[in-house]
Amino acid sequence: MHDGRVTQGSTPDAPVGALRFWDSGTSWRELETRPGQFTWSGLDTAVVAAESVGARPLLVLGQTPPFHALRPGVESAYGAGAASMPELGAWRRYVSAVAKRYGDRIDYQVWNEANVVNYWAGTPRQMAELTVVASQSIRQVAPRATVVAPPFVLRLSGQQDYFTEFWSWQSRGIDLESAVDAVAVNLYPLAEGLPEAQVELLEQARDVLAMAGVELPVWNTEINFGLGGGLTPPPISPERQRAFVLRNFLVNASLGVQRVYWYRWDLQPIANTLLTTPDFATPTLAGRAFSLVHDWLNGTRVGPCASTAGVWKCTARAGRQTRTFWWKPNGRPTQMTVRGPGASWTDAAGSVTRCPEGCRVTVDESPVMVTSG
């Protein structure tokens, strides 16, 4: 999860295993406000807040302070020079300072969305160099710390080309695989895209990694729906928002993605699936669905999902219990039969219906969970 107010001690009112610090007042230019002078209070608060709820902190490194930027005038989403390649010595000193302060209490991610010009205006090779330098700096003082590669969005062909170019440096003299512990992708689909669109995006990413000879876990470090490059997202109903949350985590679990970070608990409406009301505290239907899908998946082993005649089906094992998930993203609802010893089914609101002698279940865009065994 992301929570933009974590530097104020805020954490989501939901079960989260990790918090990613991005858009939270913890960027490089917010920590180092003058050359060599760091202000740690906000990040200290964020780390303690995350730890207090058992959530592993993931700090996103960058954006460049103007006085360390090689191109201080370059435009970016976070002020002039923020997307610029930094002076390498300054980058090394900054990363080392963070690592000395937090060690392996936190995980570290190199930059944010390095193939989006608002966040990074450099080349793939420059980002590869920053990745290796960051890894060396962290591991010199915290050898057991987890270092995560810079994330890439993949919904546009040019973004996919940039991702390919970055990882091609693995076979061109820059050992990225040894520098990081996980690959990162931000699997945002197109603004009108469905959660299932992530399947193809991840398949394309894994093809690129295979060609580069990279075998690392994959993390999805940002996801929401309806984002369209700053445009107002197309509105969807609260029920569809709930369905999107459930389907997102089912799909990612079936794909073997080790971590998925929802953007975000206190999100302003730049996306169309919101977990809280405008008070940033009261869960919406989608926010309650986040907790529900946690209960559905926690402690399970999830197999691949398959789509047959428009109906998606995933199966998970929890001890001796089998959990089967059904949903139908498009078209008219259909009927499925539930039967078997101890069978029951749970709807998207969490209501449970027991079926000792079998029953029929309506399957639509909102997943249901059928349990047996």
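Predicted model: local features only at pLDDT ≥ 70, side-chain atom pairs only at ≥ 80, totals over all residues.

**Stop 1: the core**

Select W91 and W167. In the largest nonpolar core, which has 104 residues, these two touch the most other members. Now colour helix 3, residues 88-102. Helix 3 gives this core eight residues, the largest share.

Stay on W91 and show what surrounds it. Which residues touch W91, once its neighbours within four places in sequence are left aside? The contacts are W28, L61, G62, P86, V110, W111, L130, V133 and A134.

**Stop 2: helix 5 and its cover**

Select residues 157-168, which form helix 5. Check the end-to-end distance. The 12 residues should span 16 Å at 1.5 Å a residue, and the end C-alpha atoms are 16 Å apart, so the two agree.

Next, show side chains. Q159, Y162, F163, F166, W167 and S168 are buried in helix 5. An α-helix has 3.6 residues a turn, so residues three or four places apart point the same way. What covers the buried residues of helix 5? The cover includes helix 4, strand 7 (152-153), helix 6 (176-179), strand 8 (183-186) and helix 7 (197-212).

Step across to P124, in helix 4 (residues 124-141). Is P124 buried or exposed? P124 is buried, because its relative accessible area of 13% falls under the 20% cut-off. Leaving aside neighbours within four places in sequence, P124 is in contact with Y162, E165, F166 and W169. P124 and L187 are 63 residues apart in sequence, and their C-alpha atoms are 19 Å apart in space.

**Stop 3: the largest pocket**

The largest pocket holds about 640 Å³ of space. Its lining has 21 residues; F249, Q258, R259, V260 and H294 lie nearest the centre. Helix 8 (238-254), strand 10 (259-262) and helix 9 (285-297) are the elements that give two or more residues to the lining. Helix 9 provides four, the largest share. Colour the lining by class: 13 residues are nonpolar, seven polar and one charged.

Now select helix 8 alone. Its 17 residues reach 25 Å from first C-alpha to last, close to the 24 Å expected. Helix 8 is largely enclosed by the rest of the structure, because 13 of its 17 residues are buried. Just after helix 8, G256 takes a positive phi of about 75°.

**Stop 4: backbone exceptions**

Most residues other than glycine have a negative phi, and most peptide bonds are trans.

- Zoom to G62 and Q63. The peptide bond between them is cis, with omega near 5°. Q63 sits in the loop between strand 4 (56-61) and helix 3. G62 is also one of the contacts of W91.
- Go to Y263 and R264. A cis peptide bond joins them, with omega about -5°. R264 is in the loop between strand 10 and helix 9.
- Pick D23. Phi is positive here, near 55°. D23 lies in the loop between strand 1 (18-21) and helix 1 (28-31), and is partly exposed at 26% relative accessible area.
- Finish at A309, where phi is near 55°. A309 lies in the loop between strand 12 (306-308) and strand 13 (311-318). At 74% relative accessibility, A309 counts as exposed.

Methods. Residues numbered from 1 in each chain as written. Heavy atoms only, no water. Core = buried A, V, L, I, M, F, W, Y, C linked by side-chain atoms within 4.5 Å. Buried < 20%, exposed > 50% of the residue type's maximum accessible area, 1.4 Å probe, protein only. Contact = heavy atoms within 4.5 Å. 1 Å grid on protein atoms, 1.4 Å probe; cavity = no way out; pocket = protein on both sides within 12 Å on 5 of 7 lines; lining within 4 Å. Points joined across faces, edges and corners; volume = space filled by probe spheres on them. Nonpolar A, V, L, I, M, F, W, Y, C, P; charged D, E, K, R; others polar. Expected span 1.5 Å × (residues − 1).
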